[in-house]
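Colleague: I'd like to learn how to read the packing and the charged pairs in a model like this one. Could you show me the structure and walk me through it?

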Amino acid sequence: MIFVMRTFALIWLLFAGIPRIAEAAISPQSVAVLYNSAAPESRKLAELYRDSRGIPAENLIALDMPTAADISRDDYDQWIRKPLRKEFQSRSWWKLKADGGGVTLPSVNRIQVLVTMRGVPLRIRPVSKPAGAVADPKNPMAGHDEASVDSELAMFGVEGLSMDGVVANKYYKADKSIAEANLPFLVLTARIDAPSYSTCERIIRDAVEVEKTGLWGGAYVDIANKFPQGDQWLESVVKANGPAGIPTVVDRFNDTLPKNYPMTDAALYYGWYDWNVSGPFLNSRFQFKKGAVAIHLHSFSAEQLTDGTKNWSGALLEKGAAVTIGNVYEPYLHLTHDFSILHQRLLDGYSWGEACWMAMPVTSWQGVVLGDPLYRPFLHFDGSGTRQNDDIDFRALRLASIQWKLDPFERQIQLKKASERTHSGVLAEAVGLNFLQQGDHVQAAQWFRTAKGDYAKSEEKLRQDFHLIAIDRAANRKDLTVQGLRDAQLRYGAMPEAEGLKVWLDIVSPPPPPPPADPGKASTVKKP
């Protein structure tokens, strides 16, 4: 305990001279909260969110909407878009003007963020097309008017635009807060929604609580080698985490992380590409760190948000994540959130809502942002905030990244010394992951073995074995890979996290196929 307190004090003193991240740019007065008056839980959530963020009571909007998750375009217009425009007009929140080209849009707008609550419909169904309509192969988005409700609401103040296809997002790739962007025709939408009401309550509380300490933990990036653009986004996340001091486990095998993979201290997760939740998240013991950012890229990741065992967005929230994103229909890869932009904007200190909309190229399409848009997971990335014992090692890694920002070699030396002094599994594994990223597999293996000895929990020790086996697997050393997997199976027995070993073993050394049927035996199938 004496060592812990001394380390605690040292980190506090060293961080004290680092400039603070800028204060939050989004004012609660600029946030409106939309709920479904036909769903009592929707109102309760709206009031909880209002109170948690200090949003004025008059910024809550109750509309009598359908309670179904999927609605028609006509229902969206009748029950949501038109009544919402009337509310903004009657409350004098905006001023509208015509642009001379048949489009009317807000020229002034006091509301910059619109938060929809569980109970607000999720998807707008496509309008039936005339018989014989032919799709344009050069423009696959043409003729598609299905969308997420939230994506349509981002530009609901604009009238006169076609509902087919997409509308360009003028906040895409921005590098300034929404308050400074001068885009009155755009509102950043986000949704408090999940498979259970209690999860919705939790994600509201977690965002506020974690902002007091900052989000500290490890990252897990699963690069499944599907399409170059998506893989590059994920590689960019890995590249950004190194200088940021975030220890990052990277899986570059074509298969996704195996069932029950031992993912501990998971503050960040980025991956693709399974239809339904899989891998580490099937483990009943798994929970993300409070406040975690967790994203899995898939075309229909947010197709529904009621079943926590299907798709991805709702499932990740049920596993403890505070925020995620998703797609309600087929979005096409280049029209989804760009992970590299989203992640970097979060590290830069922007809010969740701003980072997500900076990363989304279009509106009136399939994307949806889930979680508190005001949440700033890296608000205390400068080392400020309330300190907790569980965060010490991760704060130390961040400190090293700042102290030796321009000298990664010296940073590695200092981390090695710190690991040897403290016998911290987190620090030793981080050193190993750094060597692995540099391509030094010999040093990486040495430090994974050290981490294995320093960690106390079996699942953390098992992850080091996965690292070691992955080195052999990536080098196509099949015999060593198989031997390592079988040895680990004996070592860890029936613990749930060990199921991943069998998954890898079946991939590397598939079991023999069943014997063919004996043609000499009479068939038991009756002929018609």
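This is a predicted model: local features need pLDDT of at least 70, side-chain atom pairs count only at pLDDT 80 or more; totals for chains, interfaces and linings use all residues.

Modeller: Happy to. Setting aside neighbours within four places in sequence, phenylalanine 288 is in contact with Ala266, Tyr269, Phe281, Ala294, Leu316, Lys319, Gly320 and Ala321.

Colleague: Which nonpolar core residues touch the most other members?

Modeller: Phe288 is one of them, together with Tyr171, Tyr270 and Trp352; they belong to the largest nonpolar core, which has 141 residues. Helix α13 (residues 425–438) gives the most to this core, namely 7 residues. Another core, of 20 residues, lies apart from it, and its members include Phe88, Trp94, Val149 and Leu153.

Colleague: Now the charged pairs. How many salt bridges are there?

Modeller: The general idea is to look for a side-chain nitrogen of Lys or Arg within 4 Å of a carboxyl oxygen of Asp or Glu. By this rule the model has 26 salt bridges. Take glutamate 41 and arginine 118, whose closest N and O atoms are 3.0 Å apart. Glutamate 41 lies in helix α2 (residues 40–53) and arginine 118 in the loop between β6 (113–117) and β7 (123–124), so this pair ties together parts that are 77 residues apart in sequence.

Colleague: How do I read the accessibility of such residues?

Modeller: Relative accessible area sorts them: under 20% is buried, over 50% is exposed, and partly exposed is in between. Glutamate 41, with 40%, is therefore partly exposed.

Colleague: Is arginine 50 buried or exposed?

Modeller: Arginine 50 has a relative accessibility of 19%, so it counts as buried. Its salt-bridge partner is aspartate 51, and the closest N and O atoms of the two are 2.9 Å apart. Aspartate 51 counts as exposed because its relative accessibility is 53%.

Colleague: And what is the partner of glutamate 209 in a salt bridge?

Modeller: That would be lysine 290, with 2.7 Å between the closest N and O atoms. The two link distant parts of the chain, 81 residues apart: glutamate 209 sits in helix α6 (residues 197–213), and lysine 290 in the loop between β13 (266–271) and β14 (293–296). Glutamate 209 is partly exposed at 33% relative accessible area, and lysine 290 is partly exposed at 45%.

Technical notes
Residues are numbered from 1 along each chain as its sequence is written. Side-chain values use heavy atoms; hydrogens and water are left out. Helices (H or I, at least four residues) and strands (E, at least two) are DSSP runs, numbered from the N terminus. Buried means under 20% relative accessible area, exposed over 50%, partly exposed in between (1.4 Å probe, protein chains only). A nonpolar core is a set of buried Ala, Val, Leu, Ile, Met, Phe, Trp, Tyr and Cys residues joined through side-chain atoms within 4.5 Å. Contact means heavy atoms within 4.5 Å.
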